[in-house]
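Let us walk through this structure one side chain at a time. Keep the 3D view open and follow along.

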Amino acid sequence: MRYVLPKRILRLRYLSLHRGLSELLYRHDPVGLAALGAPKDEYEAEASTIIPKLKGATGPDDVRRIVHQEFLHWFEDEQTAGPESAYNAIACEIWETFVRH
């Protein structure tokens, strides 16, 4: 028999994941917005579009690709988003902290 978590608990888990991922992105600051004085919630939109895609990730390489693609989407070009390789540390931390479990 499969147990399904109540919606309230699922929502709290999502909010915790969203907050943690947004904070992680702000700390790593892949496009330099925090360095320019952007508010701490600057990467919330990106976190919102990254989270659903993490479900299919099988390792840090998938996470790096997902995060980079989302930053390309949000910032519209690689000049602003930077190369995919610049997202290695972000991907490893996301994998270890949020996905691998």
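Buried means under 20% relative accessible area, exposed means over 50%, and partly exposed lies in between (1.4 Å probe, protein chains only). Phe71 is buried, with a relative accessible area of 0%. This is a predicted model, in which local features need pLDDT of at least 70 and side-chain atom pairs count only at pLDDT 80 or more, while totals for chains, interfaces and linings use all residues. Residues are numbered from 1 along each chain as its sequence is written, and side-chain values use heavy atoms, without hydrogens and water.

Start with the aromatic rings. A pair of aromatic rings is described by the distance of the centres and the angle of the planes. Rings of Phe, Tyr and Trp (its six-membered ring) pair if their centres lie within 6.5 Å; planes under 30 degrees apart count as stacked, over 60 as edge-to-face, and the rest as tilted. The structure holds three aromatic pairs. In one of them, the ring centres of Phe71 and Phe75 are 5.7 Å apart and the planes meet at 15°, so this pair is stacked. Both residues sit in helix H3 (residues 60–75), four residues apart, or about one helical turn. Helices (H or I, at least four residues) and strands (E, at least two) are DSSP runs, numbered from the N terminus.

Phe71 also pairs with Tyr87. Their ring centres are 5.6 Å apart and their planes are at 50°, so this pair is tilted. It links distant parts of the chain: Phe71 lies in helix H3, Tyr87 in the loop between helix H4 (78–81) and helix H5 (88–99), 16 residues apart. Tyr87 is buried, with a relative accessible area of 1%. Tyr43, Phe71, Phe75 and Tyr87 form one aromatic cluster.

Now find Glu46 in helix H2 (residues 44–54). Leaving aside residues up to four places away in sequence, Glu46 touches Leu25, Phe71, Trp74 and Phe75; contact means heavy atoms within 4.5 Å.

Finally, look at the backbone. Most residues other than glycine have a negative phi. Asp29 has a positive phi of about 50° although it is not a glycine. Asp29 lies in the loop between helix H1 (7–28) and H2, and is buried, at 15% relative accessible area. Glu76, also not a glycine, has a positive phi of about 70°. Glu76 lies in the loop between H3 and H4, and is exposed, at 71%.
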